Amino acid sequence: MRPLIIVAVLVVVGLIVLRQALYIVDETQQVIILRFNEVINTHQSPGLYVKAPFVDTVVTFDKRVLRIDAPAASMPDKEKQNLIIDSYARYRIVDPVQFRKTLQTEINASSRLGDIVTSTLRDRVALRDRFEIIGSEPIVDEQGNPVEDSEGLPLFEGRDTRNQILAEVLTGVRELTQDQNFGIEMTDVRIKRADFPESVTPSIYTRMRAERNRIATRFRAEGEEEDLKIRAVANRNREVILATAEQESNEIRGEGEAEAISILAEALNQDPDFFAFRRSLDAYKRFLSDQDKIILSADEDLFKFLGTPESE
């Protein structure tokens, strides 16, 4: 019984020693081996490795690209207008030994590198205006006036200024990290957002309302001007149409009267006595009525058609 206990204890101790002696390096990791807090070895290739049990310590670092989310900070631009800029950066640990010596942990690295990125970005932002920081500028016409869309909003054209700023920031951050020998490689710096601070929001809204009112006033003025133009053209066309119609009416009336006179003259030439009879009837209608009494001689020419027709 006692030998079995001894064997079991030896097996347990062997497993513990074996567990302490073997370690695995993942393909996403890089490790350094410490002995009494001194670096004795490093491994960046994946695999199974052996170390001195209970003496050596394995410190693991990520060898993938790591991200730093810098806190949003207020930064004045070239025109002394503060912008709340939120940025982030990416880096890779290329020298784990130096990284442990200077920054020690990824948490410390995130804080330290975030301060460096923010400081460098603040210096670059101070040299640019907000259009360069945003990466666009208003489109203007030949007279220098801003071009607007159908809703009256200004149009902007994209520029590569933001990428230029970020490239300058990345270069500056790389120089600082190399000078301080952090054992890292900065790969990228980006701006997530650039907004005005909350304190200036009311003034921005006031300016936006004033701009909207200005655009609305201009639209109303342009509408009234267009209305006057349309009314003037319509009135002119009306007068032209009425004058043309009056002219055509007079011409048609004149042609009709000329035709009537021609027909009348032709009729007179055909039967003068019948025309005289019709004229006499018209005269009777004009001066004879129930209330009038007229005494004339029966021999008057006016009544010659009222007498007994002469027999032929």
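Buried means under 20% relative accessible area, exposed over 50%, and partly exposed in between, with a 1.4 Å probe and protein chains only. The model is predicted: local features need pLDDT of at least 70, side-chain atom pairs count only at pLDDT 80 or more, and totals for chains, interfaces and linings use all residues. Residues are numbered from 1 along each chain as its sequence is written, and side-chain values use heavy atoms, with hydrogens and water left out.

View 1. Leu-22, Ile-24, Leu-48 and Val-50 make a nonpolar surface patch of about 420 Å². Patches consist of residues with over 30% relative accessible area and no salt bridge, like charges being joined within 9 Å and nonpolar side chains (Val, Leu, Ile, Met, Phe, Trp, Tyr) within 5 Å. Accessible areas come from the Shrake-Rupley method with a 1.4 Å probe, and for residues only the protein chains shown count as cover. Strand E1 (22-25) and strand E4 (47-50) each supply at least two residues of the patch; strands (E, at least two residues) and helices (H or I, at least four) are DSSP runs numbered from the N terminus. Val-50 is found in strand E4, and Val-50 counts as exposed because its relative accessibility is 62%.

View 2. E1 and E4 pair in the antiparallel sense over 4 bridges; two strands pair if DSSP finds at least two bridges between them. The partner of Val-25 in E4 is Gly-47.

**View 3. Open antiparallel sheet E3-E2-E5.** An open sheet is formed by 3 strands in the order E3-E2-E5, with antiparallel pairing. Strand E3 (38-43) and strand E5 (56-62) are the edge strands, each pairing on one side only. On average, neighbouring strands of this sheet are turned by 25° against each other, direction ignored; axes are lines fitted to C-alpha atoms, for helices over the stretch in contact, and angles run from 0 to 180 degrees between N-to-C directions. Strands of a sheet pair through backbone hydrogen bonds, either parallel or antiparallel.

View 4. Strand E2 (residues 29-35) is joined to E3 by 5 bridges, and the two run antiparallel. Val-31 has His-43 as its bridge partner in E3, and Arg-35 has Glu-38. The hairpin has 2 residues between the strands, and Phe-36 takes a positive phi near 55° there.

**View 5. Largest nonpolar core.** A nonpolar core is a set of buried Ala, Val, Leu, Ile, Met, Phe, Trp, Tyr and Cys residues joined through side-chain atoms within 4.5 Å. The largest one holds 32 residues, of which Ile-85, Tyr-91, Phe-99, Leu-113, Leu-121, Ile-184 and Met-186 touch the most other members. Two or more residues each come from E2, strand E6 (66-69), strand E7 (73-76), strand E8 (82-93), helix H3 (106-125), helix H5 (161-180) and strand E11 (184-195). H3 gives the largest share of this core, 6 residues.

**View 6. Salt bridge between Arg-128 and Glu-168.** A salt bridge is a side-chain nitrogen of Lys or Arg within 4 Å of a carboxyl oxygen of Asp or Glu, and by this rule the count comes to 14. The side chains of Arg-128 and Glu-168 meet in one at 2.9 Å, N to O. Arg-128 lies in the loop between H3 and helix H4 (130-134) and Glu-168 in helix H5, so the pair ties together parts that are 40 residues apart in sequence. Arg-128 counts as buried because its relative accessibility is 13%, whereas Glu-168 is partly exposed at 28%.

**View 7. Asp-188 and its surroundings.** Asp-188 is placed in strand E11 and forms a salt bridge with Arg-190 (3.2 Å, N to O). Asp-188 counts as buried at 17% relative accessibility, and Arg-190 as partly exposed at 32%.

View 8. The side chains of Glu-211 and Arg-214 meet in a salt bridge (2.4 Å, N to O). Both residues lie in helix H6 (residues 201-270), 3 residues apart, about one turn of the helix. Glu-211 is partly exposed at 31%, as is Arg-214 at 39% relative accessibility. Elsewhere, salt bridges that share partners join Arg-67, Asp-69, Asp-86 and Lys-192 into one network.
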